[in-house]
Amino acid sequence: MGLEFELDMSELEEAIDKYPDRLAKNLRLASKRSAGLVEDYASQNHRYKDRTTRLTKSIIGYSQANEVKLVLGDEGSNFGTEYGKYIHQGFGSWGADKFIPNSISKNKEKIFKNWQRAIDETNKGF
């Protein structure tokens, strides 16, 4: 009399196959949320006076799966301005306004928490 044991691994294999796609999707959504936070912070914490709101509107946060970027749109960009580069890089006696690096730095912890939440959510569904 022998003991037989049968294990169906098809569901596990399917979950393993789908895991990278789910993780990439969740990280992309988390990065998108983080980009919005960074963009809002930069729009509210800058040194320049924005008389037309065009310069503030040219602050653009965007994301990829594991990257959050914030840029100041320049000429040639749909939301850009021709003078944005002078604010961002400085010109003459006007020093560079470091609001973009400051915004990323101030929100770094939130960005990492959003990514960790995305990883946890993916793992929970595994």
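Helices (H or I, at least four residues) and strands (E, at least two) are DSSP runs, numbered from the N terminus. The model is predicted, so local features need pLDDT of at least 70 and side-chain atom pairs count only at pLDDT 80 or more, while totals for chains, interfaces and linings use all residues. Residues are numbered from 1 along each chain as its sequence is written, and side-chain values use heavy atoms, with hydrogens and water left out.

**View 1. Gly-125 sits in the segment after α5.** Gly-125 is exposed, at 53% relative accessible area. (Buried is under 20% relative accessible area, exposed is over 50%, and partly exposed is in between, with a 1.4 Å probe and protein chains only.) Pick out Glu-67 as well: 58 residues separate Gly-125 and Glu-67 along the chain, and their C-alpha atoms are 23 Å apart.

**View 2. The largest nonpolar core has 17 residues.** Here a nonpolar core means a set of buried Ala, Val, Leu, Ile, Met, Phe, Trp, Tyr and Cys residues joined through side-chain atoms within 4.5 Å. The members that touch the most others are Tyr-48, Ile-59, Val-68, Leu-70, Leu-72, Phe-99 and Trp-115. Two or more residues each come from α1, β2 (67–72), α4 (99–106) and α5 (108–124). Helix α1 gives the largest share, five residues. As background, nonpolar side chains tend to be buried together in soluble globular proteins.

**View 3. Lys-18 and Glu-14 pair up in a salt bridge.** The N to O distance is 3.0 Å. (A salt bridge is a side-chain nitrogen of Lys or Arg within 4 Å of a carboxyl oxygen of Asp or Glu.) Both residues belong to helix α1 and are four residues apart, about one turn of the helix. Lys-18 counts as partly exposed because its relative accessible area is 36%, and Glu-14 is also partly exposed, at 43%. A search of the whole structure turns up two salt bridges.

View 4. Lys-113 is partly exposed at 47% relative accessible area, whereas Glu-109 counts as exposed at 54%.

**View 5. Glu-4, Glu-6, Asp-8, Glu-11, Glu-13 and Asp-17 form a negative surface patch.** Patches take residues with over 30% relative accessible area and no salt bridge, joining like charges within 9 Å and nonpolar side chains (Val, Leu, Ile, Met, Phe, Trp, Tyr) within 5 Å. Lys and Arg count as positive and Asp and Glu as negative, with His and the chain ends not counted. The charge is placed at NZ of Lys, CZ of Arg, CG of Asp or CD of Glu.

**View 6. Phe-5, Leu-7, Met-9, Leu-12, Ile-16 and Phe-126 make a nonpolar surface patch.** The patch covers about 650 Å². Accessible areas come from the Shrake-Rupley method with a 1.4 Å probe, and for residues only the protein chains shown count as cover. Leu-12 belongs to helix α1 and is partly exposed, with 37% relative accessibility.

**View 7. Arg-28 and Ala-118 are 90 residues apart in sequence but 8.8 Å apart in space, C-alpha to C-alpha.** Arg-28 lies in helix α1 and is partly exposed, with a relative accessible area of 44%.
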